[in-house]
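This report concerns the aromatic rings of one protein model. Please view the sequence and the structure before reading on.

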Amino acid sequence: MAGGEVTPIPLLTPYEMGKFQLSHRVVLSPMTRVRSFNNLPQPHAILYYSQRTTKGGLLISEATGVSDTCQGVPNIPGIWTKEQLEAWKPIVDAVHAKGGVFFCQIWHVGRASNSDFLPNGQTPISSTDKALTGAEFTPPRRLRTDEIPQIVNDFRVAARNAIEAGFDGVEIHGANGYLLEQFMKDQVNDRTDEYGGTLQNRCRFPLEVVEAVVKEIGADKVGIRLSPFSEYLESGDSNPEALGLYMAESLNKYRILYCHMVEPRMKMGLEKCETPHSLLPMRKAFNGTFIAAGGYDREEGNKAVATNYADLVAYGRMFLANPDLPKRFGLNALLNKHNRETMYIPDPDIGYTDYPFLESAA
């Protein structure tokens, strides 16, 4: 303490992320909210995102589809049409009005889908024709080599649309067992063409997406989310350390703004597990901003920043339940608990915009 001022906790120290002056290190993690009816972002999202906005805070949108073939669940937002682009604008404007920095996460679910969600009941696409376990998933078809450039282009167009909608940048979703990860992971990808087999071949498609998006909107507006250690949606890899390192090093070539990586302890999605693995080698290998995610609390987030393990820390369920999370962290205040039962219901208020702020809780 000096001059009566309290030294801020590491999570609440400023950070320069490229051209963005962030006032703190607490990031809103991308979270699917299934409240975008008919794939259109809705007016109720204006309040949801603006509630979680602070001046100089980074927000990453819920996963947003790049085409009409990308849906895995109903009511996810898209950004492949002009109508969707226009629907995002007031949401983005509300975040900017409060001084926030807003990135749009763009995704394709690949085989984690059902023909009922897709145009004309078509078959989901993937790196493979191996089906996911569960009646809710339709067995996929293997993308032909000559079809891959079209998917790359879908990501490119989505990125351009996001910038036109006013977003500050995009985060390419290359994690959690979705399409890009279905190519990267050797327990899914069983191809024999130039997109399968070796680590370099398996990472070719995701890196082509990165290259196309960078060329379209500029490297200073591009991030990527990766989860090399996860086995979510039956997408594991025999050597996740090598995969994570290869991607971190390869991304340096494109000079993208950030790499957002999920902790090894979040192997199966929601529950933490004991693991000897660490993101530190990838953090050291990657030249840009490094964001860590996966089951962090206040103390762990402070430690990650203080020890230079990560530049920023992303919070999902905790930020959902505490729209004023940075403020609560600063005061070390009691936190609301998230209600999992209302996370994925279509209600425009319950489990969405009704979590109390500190003032109203008091």
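Rings of Phe, Tyr and Trp (its six-membered ring) pair if their centres lie within 6.5 Å; planes under 30 degrees apart count as stacked, over 60 as edge-to-face and the rest as tilted. The model is predicted, so local features need pLDDT of at least 70 and side-chain atom pairs pLDDT 80 or more, while totals for chains, interfaces and linings use all residues. Residues are numbered from 1 along each chain as its sequence is written, and side-chain values use heavy atoms, without hydrogens and water.

One aromatic cluster is formed by Tyr48, Tyr49, Trp88, Phe102, Phe167 and Tyr352. Across the whole structure, a search finds 12 aromatic pairs. Two of them involve Tyr48:

| Pair | Arrangement | Centre to centre | Between the planes |
|---|---|---|---|
| Tyr48 and Tyr49 | edge-to-face | 4.9 Å | 80° |
| Tyr48 and Tyr352 | stacked | 4.3 Å | 5° |

The pair of Tyr48 and Tyr352 links distant parts of the chain, 304 residues apart. Tyr48 belongs to helix 1 (residues 44-51), whereas Tyr352 lies in the loop between helix 11 (325-331) and helix 12 (358-361); helices are DSSP runs (H or I, at least four residues), numbered from the N terminus.

Tyr48 is buried at a relative accessible area of 1%, where buried means under 20%, exposed over 50% and partly exposed in between (1.4 Å probe, protein chains only). Tyr49 is buried at 1%, and Tyr352 is buried at 1%.

How values were computed:
Helix = DSSP H or I, 4+ residues; strand = E, 2+ residues; numbered from the N terminus.
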